[in-house]
Amino acid sequence: MKTNKRIVRIADLKIGGKNPIIVQSMTKVPTTRIEKVLSQIKRMANAGCEMVRLAVLNRDDAAAIKKIKKASPIPVIADIHFDYRLALQAIDNGADKVRINPGNIGEEWKIAEIIKKAKNNGIPIRIGVNSGSLPKKITRNTQHPDASEIVTAVQDALDIFLKNRFKDMVISAKGSDVIETIEAYKKIDEEFDYPLHVGITEAGLPFRGAIRSAVGIGHLLHQGIGNTIRVSLTGDPVLEVVAAFEILQSLKLRKHGPVMISCPTCGRCQVNLEKIAGKVEDRLAKYKQFMKVAVMGCVVNGPGEARYADFGMACGKGIGMIFAKGKELRRVKENVLVDSLFEVIDADINNR
Ligand code: SF4
């Protein structure tokens, strides 16, 4: 990281500086369907989501923010495009932060109105530049915006905010192209000291989208770039949260719930390891404690990995060994392997 990032507060959360990287996501039902929105937010928060963004398309959405904000367990961000008045209304209704894309809000005075309202209410603004909606004057001669055009759009937006004496900002500059996005964030990180919201936009369906996000976000985070992340997937937002923490845990940037490793299996495996690993993963989803659990198919690498983990199993022909804290504890039949592993995990947790 080339610059020390400022610290921005969103309700009780702090983003930037040496604070942990915050995981956020977005609800995927109309904001006016308040019960559904809250149920989605609660599921997301339960998975670890730390702030949630809601699409505000019209005055009814902006009005709904009031009730949602009161019942939400995590800070609420209003996502506004095109109509600056919706941002003003969302702030009046208690939004903890607004995200705007200055490129599609339009005239400078409209952005200035949002800034004035945010300043009066003590909330930050995310400048969310997106490669799909750069101002025409920047992309006039190119079909596909490149990193330098994305950075120019950020600079132009920042100029307006600074002219209005506002520094309580988070910046994002997402593109759907992983390489361009990485390049844009690197340039922005070098030039500005505002905290960065990092993500690959429109990443895709969960399997490929999580991979593309892991490559882009993971690359940046490993270089110290990024203060809050969103994994954008076409699917349940809970999956976005799970994927985000998997990226953070892989890079040892956050500890959040169990980490499971399992071997890919090969011709040596003599149990149905895919089924066993699936059951272990499902059951682990209910645990909040950080622990490493290894599910291994045979004695080649199995006992070693199972010993290095907090808990593990190494399978043989129709049987398996259960390990905890580096020691083999028992040998059991395949059909009770999973139950046996969890007896050991639960006993350990209860003795803490
Ligand atoms: S642990 Fe055993 S079964 Fe699993 S991939 Fe390695 S050799 Fe194959």
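Predicted model: local features only at pLDDT ≥ 70, side-chain atom pairs only at ≥ 80, totals over all residues.
Helices, runs of at least four residues, and strands, runs of at least two, are taken from DSSP and numbered from the N terminus. By that numbering, Thr265 belongs to the loop between S11 and H11.

The chain contains 13 helices and 15 strands. Its C-alpha trace extends over about 70 × 40 × 30 Å along the principal axes. Of its 352 residues, 53% count as buried. When contacts between residues at least 6 apart in sequence are considered, 63% of them join residues at least 24 apart.

Two domains divide the chain: domain 1 covers 8–250, and domain 2 covers 259–350. Their centres, taken over C-alpha atoms, are separated by 39 Å. The UniProt record, an unreviewed entry, lists residues 260–346 under "domain: IspG C-terminal".

The interior of the chain may be considered next. In soluble globular proteins, nonpolar side chains tend to be buried together. The largest nonpolar core here has 78 residues, and Ile68, Ile114, Ile125, Phe161 and Ile229 are those with the most contacts inside it. Helix H7, residues 147–163, supplies the largest share of this core, with nine residues. Another core, of 29 residues, lies apart from it and includes Val293, Phe311, Met313 and Phe342. Ile68, one of the residues with the most contacts inside the largest core, is in contact with Thr31, Ile34, Val37, Leu38, Ile41, Leu54 and Val76, when neighbours within four places in sequence are left aside.

Asn130 lies in strand S7, which comprises residues 125–130. Asn130 is classed as buried because its relative accessible area is 15%, under the 20% limit. Not counting residues up to four places away in sequence, Asn130 touches Arg99, Asn101, Lys174, Thr201 and Glu202. Ala11, by contrast, lies in the loop between strand S1 (8–10) and strand S2 (13–15). With a relative accessible area of 42%, Ala11 is partly exposed. Although Ala11 is not a glycine, it has a positive phi of about 50°.

The loop between strand S11 (259–262) and helix H11 (273–284) holds Cys263, and Cys266 is found in that loop between S11 and H11 as well. The unreviewed UniProt entry lists Cys263, Cys266, Cys298 and Glu305 for "binding site". Is Cys263 buried or exposed? Its relative accessible area is 19%, so Cys263 is buried; the limit for that class is under 20%. Cys266 has a relative accessibility of 42% and therefore counts as partly exposed. Leaving aside residues up to four places away in sequence, Cys263 touches Leu273, Val295, Met296 and Gly297.

Thr265 has a phi near 65°, which is a positive value in a residue other than glycine. Its relative accessibility of 38% places Thr265 among the partly exposed residues.

Which residues surround the ligand? They are Cys263, Pro264, Thr265, Cys266, Arg268, Cys269, Met296, Gly297, Cys298, Val300 and Asn301. Within this shell, seven residues are nonpolar, three are polar and one is charged. The shell includes Cys263, Cys266 and Cys298, which the UniProt record also lists for "binding site".

Beyond H11 comes a further loop, between H11 and strand S12 (292–296), in which Phe290 lies. Phe290 has a relative accessibility of 37% and so counts as partly exposed. Apart from neighbours within four places in sequence, the residues in contact with Phe290 are Gln249, Lys255, His256, Gly257, Pro258 and Val259. These contacts include Gln249 and Val259, which fall in the ranges of domain 1 (8–250) and domain 2 (259–350) respectively. Phe290 and Arg254 are 36 residues apart in sequence, while their C-alpha atoms are 9.9 Å apart in space.

Technical notes: Residues numbered from 1 in each chain as written. Heavy atoms only, no water. Domains from an automatic or database assignment. UniProt positions renumbered as here; feature names shortened; annotations may be inferred. Buried < 20%, exposed > 50% of the residue type's maximum accessible area, 1.4 Å probe, protein only. Contact = heavy atoms within 4.5 Å. Near = heavy atom within 4 Å. Nonpolar A, V, L, I, M, F, W, Y, C, P; charged D, E, K, R; others polar. Core = buried A, V, L, I, M, F, W, Y, C linked by side-chain atoms within 4.5 Å.
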